[in-house]
Amino acid sequence: MSIIEILSTEKYISGNEISKFLGVSRVAVHKQINELKKMGYAIGSSSKGYILIKNGKLLFNEYEIKANLRKQLDICKTIKYYEEITSTQTAVKKLAEKGFGEGIIVVAEKQTKGYGRIKRMWNSNAGGLWFSMLLKPVISPDESSKLSLLLSIALKRIFEKEYGIGSEIKWPNDILIFGKKVAGIIIEMSAEQDAINWIVAGIGININNSLPENLENISISLKTVLKKEIDRAEFMAAFLTEFENLYFDFQKNGFVQFLEEYNNKIAYKGMFVTIDSGYDVITGKNFGIDENGKLILELDNKLEKIVSGTLRKAEK
Ligand code: BTN
């Protein structure tokens with residue numbers, strides 16, 4: 001039990017009782033109370049002890065995320081929160097390499113070296129939601145890309161269910177609102193020929209962060225869409241709960257059950273798009289994805305399947 005959970009009854013509780021619950025000294029309790037105050041919590045104290053006062057601030061840390069989870073999740077057994085980190089992705093990959101098991105999440109207020117697909121720099125100012133999860137799915141390595149499709153379905157569902165906003169998925173896994181990118185996903189993996197050692201899934205969502213001028217045309221934050229600050233702990237807890245269900249369902253029953261949902265929300269459907277594979281750029285009509293997550297493109301009246309690449313709406 002954490003000190004925040006003990007205080008969450010919102011009644012006075014003595015330092016003595018807290019020290020007994022936590023099995024630490026009174027001095028250690030006092031220190032932790034001061035830490036919480038620094039984190040933005042309003043804690044009153046009197047001869048009766050300490051009391052947590054609701055101050056309407058949208059705090060974001062591991063306690064708040066856990067407090068918003070309605071049940072214990074297998075994909076979120078441990079959460080490590082940092083005020084600042086180079087990249088949550090790099091941090092979780094290090095833990096994966098040390099042999100940690102599924103269920104570790106690293107989340108940060110700010111990243112100094114956040115990165116996206118094809119090692120592109122990812123703007124990670126304070127106010128966004130930047131986190132990485134360590135996963136060990138029992139699937140074959142060539143199915144791993146479907147995980148990023150599932151993550152985008154989970155995000156799309158949350159925007160819709162929790163915030164009433166429609167979004168689209170730009171293949172394979174960018175989430176767009178009003179045609180602008182609100183979230184991106186990266187999947188990194190270590191695998192043997194037929195088994196996955198680990199997967200680190202990184203998710204970046206523009207929530208309350210302001211975007212630099214050069215990104216304003218192509219990106220958007222949830223705060224701008226909803227015209228108010230969003231509770232990130234609430235968002236993250238809802239997302240993790242949604243994704244946990246999809247994740248285990250996918251391992252049991254496969255991806256096909258989600259195909260229609262994905263294709264219903266795919267961006268630029270029936271339109272001309274270009275795919276940049278890094279060594280080639282092709283243009284064709286977007287026919288959605290197949291059951292393996294490949295993009296079906298119509299090129300010169302024949303259909304071709306694309307495994308990976310960066311998709312853009314074609315100019316013509
Ligand atoms: C993309 O659209 O290219 C994927 C962006 C992924 C960004 C997230 S933020 C949390 C995690 N840490 C990182 O350094 N990257 C991912």
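Predicted model: local features only at pLDDT ≥ 70, side-chain atom pairs only at ≥ 80, totals over all residues.
Residues are numbered from 1 along each chain as its sequence is written, and side-chain values use heavy atoms, with hydrogens and water left out.

Lys305 forms a salt bridge with Asp290, and the closest N and O atoms are 3.0 Å apart; the term salt bridge stands here for a side-chain nitrogen of Lys or Arg within 4 Å of a carboxyl oxygen of Asp or Glu. Lys305 sits in strand S13, residues 302–306, and Asp290 in the loop between strand S11 (281–289) and strand S12 (295–299), so this pair ties together parts that are 15 residues apart in sequence. Asp290, for its part, is buried, with a relative accessible area of 4%.

How many salt bridges does the structure hold? There are 14 salt bridges in the structure, and I will pick out a few of them. Lys146 and Glu143 meet through their side chains at 2.7 Å, N to O; Lys146 counts as buried at 7% relative accessibility, whereas Glu143 is partly exposed, with a relative accessible area of 25%. In the salt bridge of Lys170 with Asp174, the N to O distance is 3.6 Å, and here Lys170 counts as buried at 13%, as does Asp174 at 9%. There is also a network of salt bridges, which links Lys156, Arg157, Lys161, Glu242 and Glu261.

Let me turn to the helices. Two packed helices are described by the angle between their axes and the distance between the axes. The axes here are lines fitted to C-alpha atoms, for helices over the stretch in contact, and the angles run from 0 to 180 degrees between N-to-C directions. Helix H6, residues 145–163, and helix H8, residues 232–253, have axes that come within 9 Å and cross at roughly 135°. That makes H6 oblique to H8, given that angles under 35 degrees count as roughly parallel, over 145 as roughly antiparallel, 65 to 115 as roughly perpendicular, and the rest as oblique. By class, the contact of H6 with H8 has 16 nonpolar, no polar and five charged residues, where Ala, Val, Leu, Ile, Met, Phe, Trp, Tyr, Cys and Pro count as nonpolar, Asp, Glu, Lys and Arg as charged, and the others, Gly among them, as polar.

H6 also packs with helix H9, residues 256–264, at an angle of about 55° and with the axes 10 Å apart, and these two helices are therefore oblique to each other. On the H6 side the contact, meaning heavy atoms within 4.5 Å, is made by Leu149, Leu150, Ser152, Ile153, Lys156 and Arg157, and on the H9 side by Phe258, Glu261 and Tyr262. Sorted by class, that contact has five nonpolar, one polar and three charged residues.

Next, consider Val107, which lies in strand S4. Is Val107 buried or exposed? Val107 counts as buried, at 0% relative accessibility. Leaving aside neighbours within four places in sequence, Val107 is in contact with a list of residues including Phe60, Ile79, Tyr82, Leu129, Phe131 and Met236. Thr88 is 19 residues away from Val107 along the chain, yet their C-alpha atoms are separated by 6.2 Å.

Finally, some backbone details in the loops. The peptide bond from Trp171 to Pro172 is cis, with omega near 0°, and Pro172 is found in the loop between strand S6 (168–170) and strand S7 (174–177). Lys119, in the loop between S4 and S5, has a positive phi of about 55° although it is not a glycine, and Lys119 is exposed, with a relative accessible area of 61%. Asn301, in the loop between S12 and S13, likewise has a positive phi, near 65°, and is exposed at 75%.

Note on methods: Helix = DSSP H or I, 4+ residues; strand = E, 2+ residues; numbered from the N terminus. Buried < 20%, exposed > 50% of the residue type's maximum accessible area, 1.4 Å probe, protein only.
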